[in-house]
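Subject: Structure handover

Hello,

Here is the structure I said I would pass on. My notes on it follow below.

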Amino acid sequence: MTFLTLFCYHYPYPSYHAVYPGFGPGAIEEILSKSMETPSHYIRALIKWCLLSIAVGAVSGLLGSAFHIGVGLATAFRESNPWLLYLLPAAGLAIVGIYRIFGLEGQNTNTVIEEVHSGNGLKPQLLPAIFFSTILTHLCGGSVGREGAALQMGGTVGYYYGRLVRLDDKDLRTATMAGMAAFFAALFGTPLAAAVFAMSVISVGLVYYAALLPCLLSSLVAYGISVLLGVEPTRFSVTIPEVDALTLVKVGALGALCAFVTILFCRGIHFTEEFMEKIMPNMWLRSAAGGAVIVLLTLVVGTRDYNGAGMQIIVAAIESGTVVPYAFLLKILFTAITLGAEFKGGEVVPSFFVGAAFGCAVGPLLGLPAGFAAAIGLAAVFGSAVNCPLASIFLAGELFGGGGILYFGLACIVSYVLSGYSGLYSGQKMVYSNVKAQYININTRK
């Protein structure tokens with residue numbers, strides 16, 4: 001047994017054994033021997049992943065663009081026909097029916113994350129179900145985003161293309177991540193952030209670098225196709241202050257406050273989902289009642305800013321520095337009820353809304369420009385809600401430009417550390433502690 005094998009096998013943290021059951025000296029020797037193959041081995045791997053990534057990126061780019069356009073048309077039609085809001089309870093019943101017909105009860109973004117962990121596979125009918133259900137939710141005013149659907153559809157595309165070309169179990173998981181990254185890039189126009197997000201959202205603290213090429217290349221292909229089809233990348237215009245010590249301190253303080261908002265956001269969604277399921281076990285009743293509550297809340301609040309994704313509020317917070325101080329609380333409430341009532345969509349754009357609205361309201365109290373603070377809040381809340389601070393930093397660079405990367409990095413990291421083990425996705429594994437180089441291997445806290 002080589003010295004390197006002994007070192008790995010007796011490494012103080014039991015990560016090899018817990019993450020990979022049966023991963024002992026023999027397995028390590030096998031991996032070491034395979035890693036010393038001829039250059040042709042790496043060339044074949046490069047060609048394989050390039051071909052797969054181009055195919056997955058192309059399909060995801062086409063579907064992602066169609067989905068983006070569909071959500072946009074549904075949103076525009078709802079805004080010009082306000083009466084559609086009153087159909088939200090009926091839309092909820094339709095969505096439950098779609099998932100019942102396809103045998104997809106309980107399927108969500110966690111399903112894709114768990115597939116990458118376990119390799120159990122995804123159902124192909126998940127793609128059309130989440131596609132049409134999310135558009136229906138937006139059409140009738142449910143408070144959701146679109147990336148949850150993107151991860152599910154992209155993961156399905158990657159998984160089934162991998163099966164089509166007969167990839168083995170480990171490569172199927174990589175193909176699933178590549179599909180997730182591609183769909184995310186097609187929707188937001190952020191290929192680098194999409195690649196890092198897909199790789200790091202599965203297991204926090206453990207990144208599979210073998211997936212870097214497939215995820216990035218598929219993201220670039222999907223992004224290019226979406227641009228060709230007229231999908232404008234998400235970009236914001238924000239003035240970023242020059243870097244100085246005092247502003248860094250203020251940004252760090254805002255990042256710390258964003259951590260508590262993240263906890264409120266994640267716990268609020270999980271609590272509402274569990275509470276609604278407990279008091280209304282029947283999915284049909286829960287969906288119709290939840291839709292009715294959203295309609296009533298909209299009428300009480302007197303504005304439809306909290307229906308749909310709410311991108312107009314995000315833009316106003318960042319580019320104009322104007323937002324109602326309690327807007328982030330209302331968005332949490334609307335989103336939690338919508339998701340708890342079985343409507344489909346995603347939590348990332350709502351996290352953008354919550355972070356931007358909170359930053360815009362609180363930033364001036366710390367002496368920060370409102371628009372700049374809104375951008376900081378968006379990145380910090382997103383990064384800690386999905387437990388992907390590096391992806392959030394890259395996202396900020398692509399959304400706002402690279403000039404303030406130091407500010408965004410500081411806020412995202414502070415918010416991530418202080419938010420503990422809260423997270424939007426209960427299927428996500430926290431492999432290593434976020435405050436100590438220690439293996440923990442726990443699920444994110446609800």
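The chain contains 19 helices and three strands. Please keep in mind that this is a predicted model. Of the 446 residues in the chain, 55% are buried. Among the contacts in the chain with a separation of 6 or more, 77% are between residues 24 or more positions apart.

The sheet

The three strands form an open sheet in the order E1-E2-E3, and the pairing is mixed. Strand E1 (203-204) and strand E3 (439-443) are the edge strands, each of them pairing on one side only. Strand E2 covers residues 429-432 and runs antiparallel to E3, with three bridges joining the two. In that pairing, Met430 is opposite Ile442 of E3, and Tyr432 is opposite Tyr439 of E3. E2 and E3 make a hairpin, and six residues lie between them.

A helix pair

Helix H12 (residues 245-279) packs against helix H15 (residues 327-340) at an angle of about 30 degrees, and the axes are 8 Å apart. Their crossing is right-handed. On the H12 side, the contact is made by Val261, Leu264, Phe265, Gly268, Ile269, Thr272, Glu273 and Met276. On the H15 side, the residues are Phe328, Leu329, Ile332, Thr335, Ala336, Ile337, Leu339 and Gly340. Sorted by class, the contact of H12 with H15 comprises 11 nonpolar residues, four polar and one charged.

Cysteines

How many disulfides does the structure hold? The number is zero. Cys258 has a relative accessible area of 0%, so the residue counts as buried, the cut-off being under 20%. Cys388 is buried too, because its relative accessible area is 2%.

Asp171 is part of helix H9, which spans residues 169-188. Is Asp171 buried or exposed? Its relative accessibility is 17%, and the limit for buried is under 20%, so Asp171 counts as buried. Leaving out residues up to four places away in sequence, Asp171 touches Lys48 and Trp49.

Ser419 sits in the loop between helix H19 (405-418) and E2. Its relative accessibility is 3%, and therefore Ser419 also counts as buried. Which residues does Ser419 touch, not counting those up to four places away in sequence? They are Ala259, Thr262, Ile263 and Ser384. Ala259, Thr262 and Ile263 have numbers that fall within the range of H12, residues 245-279.

To recap the points above: the sheet is open, with the order E1-E2-E3, H12 and H15 cross in a right-handed way, and the structure has zero disulfides. Asp171 and Ser419 are both counted as buried.

Regards

Key:
Residues numbered from 1 in each chain as written. Predicted model: local features only at pLDDT ≥ 70, side-chain atom pairs only at ≥ 80, totals over all residues. Heavy atoms only, no water. Pairing = 2+ DSSP bridges. Helix = DSSP H or I, 4+ residues; strand = E, 2+ residues; numbered from the N terminus. Axes fitted to C-alpha atoms, helices over the stretch in contact; angles between N-to-C directions. Left-handed = near helix turned anticlockwise from the far one by under 90°. Contact = heavy atoms within 4.5 Å. Nonpolar A, V, L, I, M, F, W, Y, C, P; charged D, E, K, R; others polar. Disulfide = S-S within 2.5 Å. Buried < 20%, exposed > 50% of the residue type's maximum accessible area, 1.4 Å probe, protein only.
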